Amino acid sequence: MRTASTPQPNTERAEHEPLTAGTNRPDPLSSMGEVPWGTIKDSTGSAAGVPTLLTRVAWGNPDTAGAALDELRDRVCQYGFVVHQATAVVVPYLWELAQLPHVTCRPQIIRLLAAVAAARQWETTAAAYPKLLNHRENHVAWERSARQAVRARRGGVRALLGERDPEITRAAVELARALGE
């Protein structure tokens, strides 16, 4: 009697999941190609440039990563409190990058997450001008989605609070406060 073969786990890495340098973790940016960035809006219009910025944040030297994060912040959390449609999509990537030791601007990423978690610009404006809720582009919904995206990964705060780098732990305390924890 023939028996069906039992599938064995694949030990080879999938082509679309390159390993993060020096770890066994998949590249946190590997799924960026699945996002229709050109149809999503950031503060500049199309968010098509966001993947390049995230890549520079992930793999750049301190100057390159810092400059890319500054530009990314302007695109997804303008002025430190105005979020856009792309913000909720970017947040999971920021959470992943904040956890990786090789990323050179982790405290700044964590502070950006805190700013997104605290963003209430559109909601506050809509309270005073309810007609904003009837606008074709629902900025209030974008803001809520962005905050929810930060909250969805709030379990990562505990690991950040346990970091040895005091700048990271200070930023993590700010994030915890913004999340109400």
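Is W37 buried or exposed? With a relative accessibility of 5%, W37 counts as buried, where buried means under 20% relative accessible area, exposed over 50% and partly exposed in between, for a 1.4 Å probe and protein chains only. The model is a predicted one, in which local features need pLDDT of at least 70 and side-chain atom pairs count only at pLDDT 80 or more, while totals for chains, interfaces and linings use all residues. Residues are numbered from 1 along each chain as its sequence is written, and side-chain values use heavy atoms, with hydrogens and water left out.

Two aromatic pairs are found in a search of the whole structure; rings of Phe, Tyr and Trp (its six-membered ring) pair if their centres lie within 6.5 Å, and planes under 30 degrees apart count as stacked, over 60 as edge-to-face and the rest as tilted. W37 and Y93 have ring centres 6.3 Å apart and planes at 45°, so this pair is tilted. Because W37 lies in the segment before β1 (41-42) and Y93 in helix α3 (residues 87-99), the pair ties together parts that are 56 residues apart in sequence. Here helices (H or I, at least four residues) and strands (E, at least two) are DSSP runs, numbered from the N terminus. Y93 is buried, at a relative accessible area of 7%. Y79 and F81 also form a tilted aromatic pair, with 6.2 Å from centre to centre and 35° between the planes. Of these two residues, Y79 is exposed, with a relative accessible area of 63%, and F81 is partly exposed at 37% relative accessibility.

Charged side chains come next. The count of salt bridges comes to eight, a salt bridge being a side-chain nitrogen of Lys or Arg within 4 Å of a carboxyl oxygen of Asp or Glu. One of them joins D42 and R75, at 3.2 Å from N to O. This pair links distant parts of the chain, with D42 in strand β1 and R75 in helix α2 (residues 62-76), 33 residues apart. D42 is buried, with a relative accessible area of 5%, and R75 is buried at 11% relative accessibility. Another salt bridge is found between E163 and R106, at 2.8 Å from N to O. Here too distant parts of the chain are linked: E163 is in the loop between α7 (156-161) and α8, and R106 is in helix α4 (residues 106-118), 57 residues apart. E163 is partly exposed, at 28% relative accessibility, whereas R106 is buried at 5%.

A further salt bridge brings together R147 and E143, at 3.5 Å from N to O. Both R147 and E143 belong to helix α6 (residues 139-152), where they are four residues apart, about one turn of the helix. R147 is buried, with a relative accessible area of 7%, and E143 is buried at 0%. Salt bridges with shared partners also join D42, E71 and R75 into one network.

Leaving out residues up to four places away in sequence, I109 touches V57, L69, L94, L97, A98 and V103, with contact meaning heavy atoms within 4.5 Å.

Two of the helices can be described as a packed pair. α1 and α2 pack at an angle of about 145°, with their axes 8 Å apart; axes are lines fitted to C-alpha atoms, for helices over the stretch in contact, and angles run from 0 to 180 degrees between N-to-C directions. The contact is made by V50, L53, L54, R56 and V57 of α1 together with T64, A65, A68, L69, E71, L72 and R75 of α2. D63 also lies in helix α2 and is exposed, with a relative accessible area of 66%.

T169 counts as buried, at 18% relative accessibility. Apart from its neighbours within four places in sequence, T169 is in contact with L160, L161 and E163.
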